[in-house]
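Subject: Structure for your review

Dear colleague,

Please find the structure below.

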Amino acid sequence: MIQRIQTLFLLLGAISAGFISMNSKGMWEHFAFAFASVISLIIISLFKRRKLQINLSIGLVIPLYIAGISLILYFSEGNYEYGNKKTSILISFFVGILATVLAILRIRKDDKIVRESNRLR
């Protein structure tokens, strides 16, 4: 489980979502990113069910993207008073999205390898 690169990507996504959840001001953003962090950890534990992992990961990216856009809009309105945290939250958001997308691609690659090996048997 840990030796798979997508596990590390999902763990990185969970850590970045947890960081954003701890530092966000809005209740909706806090809930969305905390939920994303928990779902990422659940996805890691489903390593034997790759189709479900892919579906949950795709279902995770869409709300994260929407919550991130609302966070960026919140920052652009000037409602956030901490300058340094703003940059770290935005970097963490983009790292989390990128890590989750890379995990989806690696899970698909693993699924393809398993299907091809089953075909050869």
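How many residues does helix H3 have, and how far does helix H3 reach from its first C-alpha to its last? Helix H3 covers residues 50-76, which gives 27 residues, and its reach is 38 Å. That is close to the 39 Å expected at 1.5 Å a residue, where the expected span is 1.5 Å times one less than the number of residues. Helices here are DSSP runs of H or I with at least four residues, numbered from the N terminus.

Some notes on the source are needed before going further. This is a predicted model, in which local features need pLDDT of at least 70 and side-chain atom pairs count only at pLDDT 80 or more, while totals for chains, interfaces and linings use all residues. Residues are numbered from 1 along each chain as its sequence is written, and side-chain values use heavy atoms, with hydrogens and water left out.

Several residues of H3 are buried, among them Ile54, Leu64 and Phe75. Buried means under 20% relative accessible area, exposed means over 50%, and partly exposed lies in between (1.4 Å probe, protein chains only).

The structure also holds 3 salt bridges. A salt bridge is a side-chain nitrogen of Lys or Arg within 4 Å of a carboxyl oxygen of Asp or Glu. Arg50, Lys51, Asp111 and Arg115 are linked in a network of these contacts:

- Asp111 pairs with Arg50 at 3.3 Å, N to O. This pair links distant parts of the chain, with Asp111 in helix H4 (residues 83-120) and Arg50 in helix H3, 61 residues apart.
- Lys51 pairs with Asp111 at 3.3 Å, N to O. Lys51 lies in helix H3 and Asp111 in helix H4, so this pair ties together parts that are 60 residues apart in sequence.
- Arg115 pairs with Asp111 at 3.4 Å, N to O. Arg115 and Asp111 are separated by about one helical turn, because they are 4 residues apart in helix H4.

Is Asp111 buried or exposed? Asp111 is buried, with a relative accessible area of 6%, whereas Lys51 is exposed, at 53%.

Finally, Ile5, Leu8, Leu11, Ile15 and Leu41 make a nonpolar surface patch of about 410 Å². Such a patch joins nonpolar side chains (Val, Leu, Ile, Met, Phe, Trp, Tyr) within 5 Å, from residues with over 30% relative accessible area and no salt bridge. Helix H1 (residues 5-23) gives the most to the patch, with 4 residues. Leu41 sits in helix H2 (residues 27-45) and is partly exposed, with a relative accessible area of 44%.

Yours sincerely

Methods: Helices (H or I, at least four residues) and strands (E, at least two) are DSSP runs, numbered from the N terminus. Patches are made of residues with over 30% relative accessible area and no salt bridge: like charges are joined within 9 Å, nonpolar side chains (Val, Leu, Ile, Met, Phe, Trp, Tyr) within 5 Å. Accessible areas come from the Shrake-Rupley method with a 1.4 Å probe; for residues, only the protein chains shown count as cover.
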